[in-house]
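Please view the sequence and the structure before reading on.

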Amino acid sequence: MSEHEKENVEQADLAETVQEESLFICTANRDFAAYAQEELRRLFGSVKSSVLSDREVLLVRLNTGTEDAVRQIADSRPVFLRHIQPVQFERQGENVGELLSEAAAFVAGSGLIGAGIKAALQVRKSEDAGGESAPKLKEWLEELLRATEAEFVSAGADWIVSVYVTAGAVYAGVSRPEDNLSDWSGGAVRFRREEGQLSRAKFKLLEAEREFGLDLSAYRSAVDIGAAPGGWTSLLLERGLKVTAVDPAKLHPSLLKMPNLTYIRKNAAEMKFRENEFDLLVCDMSWSPKLMVQLVTGLLHALTPGGTAVVTIKLMHKKPMALIKEVIASFEESRLQVQGAKQLFHNREEITLYMIKY
Ligand SMILES: C[S@@+](CC[C@H](N)C(=O)[O-])C[C@H]1O[C@@H](n2cnc3c(N)ncnc32)[C@H](O)[C@@H]1O
């Protein structure tokens, strides 16, 4: 190979290396973006990022190609990183209408969406972006993409078109729903509030059911520790389980007449249960994690081997990652194997653990 050819090959190699970069918009719960970033840093080494929306949305540049990055992120099962969307189109400017038209032209030109394809349009805005609302921008985008003849859907999409608008830029990307960590826009899981719903906390267990792929109706008998006012208990009853609800506080009166409910108005630390009485233990006590671990592990004899535990861990002040590690280690010493750990969209200053007793 001549020197000139060698140089060309080296340049081609270099070009390939340069291409091995990807850009994502990453979302975490409010105030937890720094921990999502730390999760990425642990995976990829140094991570270049800038804030798009204070304390929750980051623009992240990785030294890894998009496909590889998506796989590594999904495999790592991050706790705080709730949603990722690839950025394949990035334009600075003030005129959102123009930028959106350009983004739509890019999406149409990608050839990924067209007749016979189901596409979900997900449009979000940063806090500082003025102008039209995100739903209005989504309407515009749909209009701009009408000529593609794609079918626009909100669930069950083949492709997701994600657009993020800030005060000075528009970012867009097209991806498979399974590559975004969540198929909800920004990972913001929305459930319809039901009439007579007892607590917002019910959404946490509903979301845990989806996130961890649980089939709650497959269980027989559950104990709900810290059950009042009764959102989790009501969901378990709806799923057809027998429920023992333990709480010194009052359960909502509407639950008390339910035939499958046993309500014990006590501190759970005073409870004595029989061996293997339950195949599901749930605990949403909003308590000091250390005390919660003590209390739950003290009741584990009542959970059948192979039984499931779903608990929320309250994140106290600083260092949530160290705290989570500690709590998981304590549970694992007590024969609970962690299957999933996630800060759900409906978790506030907490995360949810899904565990199986072995
Ligand atoms: C966040 S609320 C639970 C909400 C519930 N998951 C729902 O869906 O309605 C926390 C509950 O834990 C209860 N709690 C705190 N310490 C407890 C203990 N030692 N034993 C039983 N319940 C306790 C509190 O009384 C409170 O009602």
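Predicted model: local features only at pLDDT ≥ 70, side-chain atom pairs only at ≥ 80, totals over all residues.

Residues are numbered from 1 along each chain as its sequence is written, and side-chain values use heavy atoms, with hydrogens and water left out.

**Helix packing**

Helices (H or I, at least four residues) and strands (E, at least two) are DSSP runs, numbered from the N terminus. Axes are lines fitted to C-alpha atoms, for helices over the stretch in contact, and angles run from 0 to 180 degrees between N-to-C directions.

Helix α2 (residues 33-44) and helix α3 (residues 66-76) cross at roughly 115°, and their axes come within 11 Å. That makes α2 roughly perpendicular to α3; angles under 35 degrees count as roughly parallel, over 145 as roughly antiparallel, 65 to 115 as roughly perpendicular and the rest as oblique. On the α2 side, L40, L43 and F44 make the contact, and on the α3 side A69, Q72, I73 and S76 do, where contact means heavy atoms within 4.5 Å. The residues of this contact of α2 with α3 comprise five nonpolar, two polar and no charged. Here Ala, Val, Leu, Ile, Met, Phe, Trp, Tyr, Cys and Pro count as nonpolar, Asp, Glu, Lys and Arg as charged, and the others, Gly among them, as polar.

Helix α6 (residues 202-211) packs with α7 at an angle of about 50°, their axes being 7 Å apart. That makes α6 oblique to α7. The contact joins K202, K204, L205 and L206 of α6 to G231, W232, S234, L235, L236 and E238 of α7. Its residues divide into five nonpolar, two polar and three charged.

**The ligand**

Surrounding the ligand are 21 residues, and the closest are G231, D247, N267, A268 and D284; a residue counts as near if one of its heavy atoms lies within 4 Å. G231 also belongs to the contact of α6 with α7.

| Residue atom | Ligand atom | Distance |
|---|---|---|
| G231, polar backbone atom | oxygen | 2.9 Å |
| A268, polar backbone atom | nitrogen | 2.8 Å |
| W287, polar side-chain atom | nitrogen | 3.5 Å |

**Backbone features**

The peptide bond from A228 to P229 is cis, with omega near 0°. P229 lies in the loop between β10 (221-225) and α7 (231-238). R77, a residue other than glycine, has a positive phi near 45°, and R77 is placed in the loop between α3 and β4 (83-86).

Note on methods. Polar contact = N/O pair within 3.5 Å; in protein donor to acceptor, adjacent residues only side chain to side chain.
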